Amino acid sequence: LSFRILLGFPIGIHQFRGAAEMAPSQARRSSPLLPALAVGAGLCLLRSSSWSFLAAKPASQVRAEHGRTAMRGFKEDFESWRSSLTPEERKMVQNQATGEYNKKFRKSPEFSKNLPDEKLKSFANILGKFFDTEAADYKKELERKVPNYNQLLEKAGDKVMDLSLKPRIVEMDRDADRRYHWTTVKEKVAAAKGERFANPSPYKEYFNVEMTTKEDQDFLGELFAKMKADAAEMKDPQAKKALEDFIAKQSVPAIGGKHVFAVEKALSDQIFATANAIFAAVKNSKEQGMTDEQVKTWLEKEGKDIYLNVSKKWLTEYIKANAEVEKDVQFMKDFFRSEKNVPGRTKADVLKEMWALLPEVMGKPVPPIDEGLLESMSKLPATDPEHFQHPWGTAEKLYKSEAVDPFNTKFLLGSGNGGMCFPVIVLAALPKGSTAARS
């Protein structure tokens, strides 16, 4: 039936269905005209838009362009082969197709006739070519449907990463480390007494103050006068000198001019907090019914005094705390710089000198030093040449050399003691700006 449909002898839908229903019950004869290859080709052509009697598929399910091209090529080859049949052969095939379901005709000799072998082989070649093309198209479609699960890894693998280490010179502010140390110690001591130790950080902020009115000049002049009076009353000489030096650098500019304040941020934060507290009190007073005139009068008298007195308190505490910490910072540097290198002196000599002072310090006699201890310490020099006046204890700033990888992991270069590498020690000893230091 399929072979005859291929030859162009269409049948009705009812005939096709009837054949399908009869096929299981009928004993099919073995006929060279109906090889399995021809049946498959017939079903494929039944799907084509030109010969199919079924509804067309949606555009989204239409085969790929290459598949349609292959189908057109098969149709052309088939039409060429069909034209090679003689009129007698065409009539024979048409009669066989017409009497396909006629039992009497199927028993006749005409039904068992077949086309010549060369034409059957030619038709088999056409079908083989078509199915080879269909198989190739199927493999390509299958490859397109299966996603490449390794595409992301392959894409990332194409990227070339620079895994080299990058050099970096890091500045270390040793004075800042010392300030932090002493500030922490003093804050803990003050907290134990129930007191407060002011923030002594010397970090500065800069403010431009414009003199627009005579009142601005008077206020600034009054502020400097109060600061000068407070300095005269200070008992700590270092804090007093710091405040006097600060006032000496200040001046009241003319109207229309500007005055640049270099104020420590720790101090300015407290002064601004005081001003904000006063403004919040004013806002609260207005909400409770205080008039603008009353607010102005209060600000000119009580408000200004409160602001100046509290600011003076913050300033006094800051200068005192800053002076104490800076004094301790300088003491640490002087302590390490006071180390002396006496040739021939041993640690046993140092121990004897310390032991001689103990009775005076403790107020009672002390036992003699163990001879074995003295003997072992007499073999050690009093000063280690590698750590004599170590820059970690004497320098204001040091520099360390680091190597940084792409993942921001840092590696300290060189080797040394106390976290300091040898290149840093050499660099700290070189003159600033010299060729060797830059190298």
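What follows is a chat about the chain, its confidence, its helices, its core and a few loop residues.

Q: What kind of model is it, and what pLDDT do local features need?
A: It is a predicted model: local features need pLDDT of at least 70, side-chain atom pairs count only at pLDDT 80 or more, and totals for chains, interfaces and linings use all residues. Residues are numbered from 1 along each chain as its sequence is written, and side-chain values use heavy atoms, with hydrogens and water left out.

Q: What pLDDT does the chain average?
A: The average is 75, and 77% of the residues score at least 70. pLDDT is the predictor's confidence in each residue, from 0 to 100.

Q: Where is confidence lowest, and where is it highest?
A: Lowest in helix α2 (residues 13-22), with a mean of 35. Highest in helix α9 (residues 174-192), at 95.

Q: Which stretches have pLDDT below 50?
A: Residues 1-60 are one; beyond near neighbours in sequence, that stretch has 81 contacts in the model. Residues 415-439 are another, with 31 such contacts. Contact means heavy atoms within 4.5 Å.

Q: How many helices and strands are there?
A: The chain has 18 helices and five strands. These are DSSP runs numbered from the N terminus: helices are H or I with at least four residues, strands are E with at least two.

Q: How much of the chain is buried?
A: Buried residues are 26% of the 439. Buried means under 20% relative accessible area, exposed over 50%, partly exposed in between (1.4 Å probe, protein chains only).

Q: OK, α9. What span should it have?
A: Its 19 residues should span 27 Å at 1.5 Å a residue, and the end C-alpha atoms are 28 Å apart, which agrees. The expected span is 1.5 Å times one less than the number of residues.

Q: Which of its residues are buried?
A: Arg174, Asp175, Arg178, Thr183 and Ala190. They cover an arc of only 165° around the axis, so they sit on the same side of α9. The arc is that of the directions from the helix axis to the C-beta atoms.

Q: What covers them, and what is on the face turned away?
A: The cover includes β1 (166-173), α13, α16 and β4. The face turned away carries the exposed residues Tyr180, Lys188, Ala191 and Ala192.

Q: And α5, which residues are buried there?
A: In α5 they are Glu89, Met92, Val93, Gln96 and Ala97. Seen down the axis, they fall within an arc of 135°, so they line one face of the helix. Exposed residues Pro87, Glu88, Lys91 and Thr98 are on the face turned away.

Q: Switching to the largest nonpolar core: which members touch the most others?
A: Leu220, Met227, Leu243, Leu267 and Leu315, out of 19 residues. Two or more residues each come from α10 (214-233), α11 (237-248), β3 (258-264), α12 (265-287) and α13 (292-337). A nonpolar core is a set of buried Ala, Val, Leu, Ile, Met, Phe, Trp, Tyr and Cys residues joined through side-chain atoms within 4.5 Å.

Q: What is leucine 243 in contact with?
A: Leaving aside neighbours within four places in sequence, leucine 243 contacts Met227, Asp230, Ala231, Met234, Leu315 and Ile319. Apart from this core lies another, of 11 residues, among them Phe78, Leu85, Val93 and Phe123.

Q: Loops next. Where does serine 251 lie?
A: In the loop between α11 and β3. Serine 251 is partly exposed, at 46% relative accessible area. Leaving aside neighbours within four places in sequence, its contacts are Leu220, Phe224 and His259.

Q: Where is arginine 196 found?
A: Arginine 196 is in the loop between α9 and β2 (204-210).

Q: Which residues have a positive phi without being a glycine?
A: Glutamine 389 is one, at about 45°. That residue is in the loop between α15 (371-377) and α16 (391-394). Asparagine 408 is another, at about 65°, in the loop between β4 (397-404) and β5 (410-412). Most residues other than glycine have a negative phi.
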